[in-house]
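Here's a quick look at the salt bridges in this one. Have the viewer open and follow along.

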Amino acid sequence: MKQSPNFDEKVELIAVDVTDAEEMSNSGKVDLRGVDAVISGLGNRQMFIGDRVARKGTKNIVMAMRDAAVQRIVAMSSMGVNDDKPCMEWRSEGKFMAALFKTVSRREYKDIAGMEKDLAATDASDINYLLVRPVGLGEECVPRDEFFIQKKKFDDVLGPNMAKMDVGKFLVEEALDPTFERRAVVIGADPAEANASFAVAGMARKEEKEEDGAAVDET
């Protein structure tokens with residue numbers, strides 16, 4: 001994002017402790033008055049790395065939103081949380097993820113799951129949330145300007161690895177022009193890659209992927 005030529009003109013960076021209610025108030029460092037929507041990426045599912053601030057931080061964000069009469073929040077969550085069990089049910093890695101959440105990543109799961117439940121418990125009259133559960137965020141994945149939603153669990157499959165930029169595009173679009181309201185969605189890459197290895201899935205550019213598909217059709 002910082003590579004954008006308009007970054008300095010359009011983005012204002014403010015360092016804030018999201019767990020500090022005073023800093024997150026409209027009288028503190030965060031002033032949400034005049035804001036159309038909030039995108040939150042507080043969920044952290046990386047064990048042993050960083051802090052667990054999703055639940056407490058989101059509570060403070062919602063408080064600031066109410067003070068400023070902002071209704072829309074799009075929050076990053078994680079696959080395998082709450083009613084998304086088992087995650088990636090079409091792949092064996094889903095069982096591994098479930099095992100992690102029950103053992104070494106219990107703290108991460110509890111924080112993110114609590115954040116989801118708190119948003120679900122808000123009043124529909126003042127908070128319009130969307131919880132986004134990405135299926136894999138590969139560091140080396142190539143942005144394709146596309147994303148896919150799992151419409152029905154156990155029926156629909158998704159590509160297991162997608163670029164962070166494509167997830168970001170979905171977050172922004174849903175923040176500004178909501179199509180999913182007060183619910184959670186699982187988002188992933190092209191379903192055609194559902195059973196591809198993580199070493200391959202998400203690595204080809206959209207044009208290359210389409211060319212490979214056309215080559216297969218011709219043979």
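## A helix pair in H5

Glutamate 173 is partly exposed, at a relative accessible area of 35% (buried means under 20%, exposed over 50%, partly exposed in between, using a 1.4 Å probe and protein chains only). Its side chain meets that of lysine 169 in a salt bridge, 2.9 Å from N to O (a side-chain nitrogen of Lys or Arg within 4 Å of a carboxyl oxygen of Asp or Glu). Both residues sit in helix H5, four residues apart, or about one turn of the helix. Helices (H or I, at least four residues) and strands (E, at least two) are DSSP runs, numbered from the N terminus.

## Where this comes from

This is a predicted model, so local features need pLDDT of at least 70 and side-chain atom pairs count only at pLDDT 80 or more, while totals for chains, interfaces and linings use all residues. Residues are numbered from 1 along each chain as its sequence is written, and side-chain values use heavy atoms, with hydrogens and water left out.

## Lysine 169 again

Lysine 169 is partly exposed too, at 31% relative accessible area. Lysine 169 also forms a salt bridge with aspartate 145, with the closest N and O atoms 3.3 Å apart. Aspartate 145 lies in the loop between E3 and strand E4 (148-149), so this pair ties helix H5 (residues 164-176) to a part 24 residues away in sequence.

Arginine 133 and glutamate 116 form a salt bridge, their closest N and O atoms 2.7 Å apart. The arginine is in strand E3 (residues 128-134) and the glutamate in helix H4 (residues 106-120), so the bridge links parts 17 residues apart in sequence. Arginine 133 counts as buried at 5% relative accessibility, and glutamate 116 is buried at 3%.

## The tally

The count comes to 18 salt bridges.
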